Structure formats: structure tokens, C-alpha cells
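Okay, thanks for coming, everyone.

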Amino acid sequence: MPAKADKLTTEQRTEAVYRLILDGWTVEQILQNSSKSWRVSDRQVYKYINAAWQRIEAVAAPQREEHLNRAIAAMYQMLREAKTVKD
């Protein structure tokens, strides 16, 4: 059984999975590729996948917040315009 991966190796593998997800790979493709390449269990690859998704969520959070704020502002603008038209 291979030795436990150190922090640097774990980070590199998480980054690799992160890039694969962004490139549109499915979980099955990532599992098949990574299990063979790194000689780790599917369970360990799932841990890398989860860590990669957490990274994606963290990176996307500010953008989602900005889009939400713009949508709310647009909605209030439409409400103001609708009230003006009604009057």
C-alpha cells in the first residue's frame, strides 16, 4: 500500500482535480483517471473531488454575491418604473 500523501501532494492532486472539473470532466472520468495515475482508492479520489468543489464554491461566492445584488437592484428598478407607469 502506498504511503500517505503529504500536504504538498494532496494540494497538487486537489488542484489537478479542480482543473479537471473546470474542464468538464465527470466524476467517473476523474475517478478512473486519478485512481490509476495516483494509485489511490476511489474513496481518496472522492476526498480530492470534495476539496476541489469547496475551492470552486469559495472562488465563485463573490461572483454569485455580485450577481445577486445586481438582480435585486434591477428588480427594484423595475418596481419603481412599474409604479411610475401605473400613476
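Before anything else, a word on contacts: when I say contact, I mean heavy atoms within 4.5 Å. Now the housekeeping. What you see is a predicted model, so local features need pLDDT of at least 70, side-chain atom pairs count only at pLDDT 80 or more, and totals for chains, interfaces and linings use all residues. Residues are numbered from 1 along each chain as its sequence is written, and side-chain values use heavy atoms, with hydrogens and water left out.

How confident is the predictor? pLDDT is its confidence in each residue, from 0 to 100. The mean for the protein chain is 90, with 93% of the residues at 70 or more. Helix H1 (residues 7–22) has the highest confidence, a mean of 95, and helix H3 (residues 42–86) the lowest, at 89.

So, the layout. Helices here are DSSP runs of H or I with at least four residues, strands are runs of E with at least two, and both are numbered from the N terminus. We get three helices and zero strands, in the order α-α-α from the N terminus.

What about the overall shape? The C-alpha trace spans about 75 × 25 × 15 Å along its principal axes. The radius of gyration is 21 Å, whereas a compact globule of 87 residues would have one near 12 Å; that radius is taken over C-alpha atoms, and the globule rule is 2.2 Å times the number of residues to the power 0.38.

Next, burial. I call a residue buried under 20% relative accessible area, exposed over 50%, and partly exposed in between, with a 1.4 Å probe and protein chains only. On that scale, 18% of the 87 residues are buried. As for contacts with a separation of 6 or more, 52% of them are between residues 24 or more positions apart.

Let's zoom in on helix H2 (residues 27–38), where Ser-35 sits. Is Ser-35 buried or exposed? Buried, because its relative accessible area is 16%. Which residues does Ser-35 contact, once we leave aside its neighbours within four places in sequence? The answer is Ile-30, Val-40, Ser-41, Asp-42 and Val-45. For a sense of distance, Thr-14 is 21 residues from Ser-35 in sequence, and their C-alpha atoms are 13 Å apart.

Ser-34 counts as buried because its relative accessibility is 1%.

Arg-39 counts as exposed because its relative accessible area is 66%.

One last stop, over in helix H3, where we find Arg-64. Arg-64 is partly exposed, because its relative accessibility comes to 44%. Between Arg-64 and Glu-28, which are 36 residues apart along the chain, the C-alpha separation is 28 Å.

That's my tour. Over to you for questions.

Conventions. pLDDT = per-residue confidence, 0-100.
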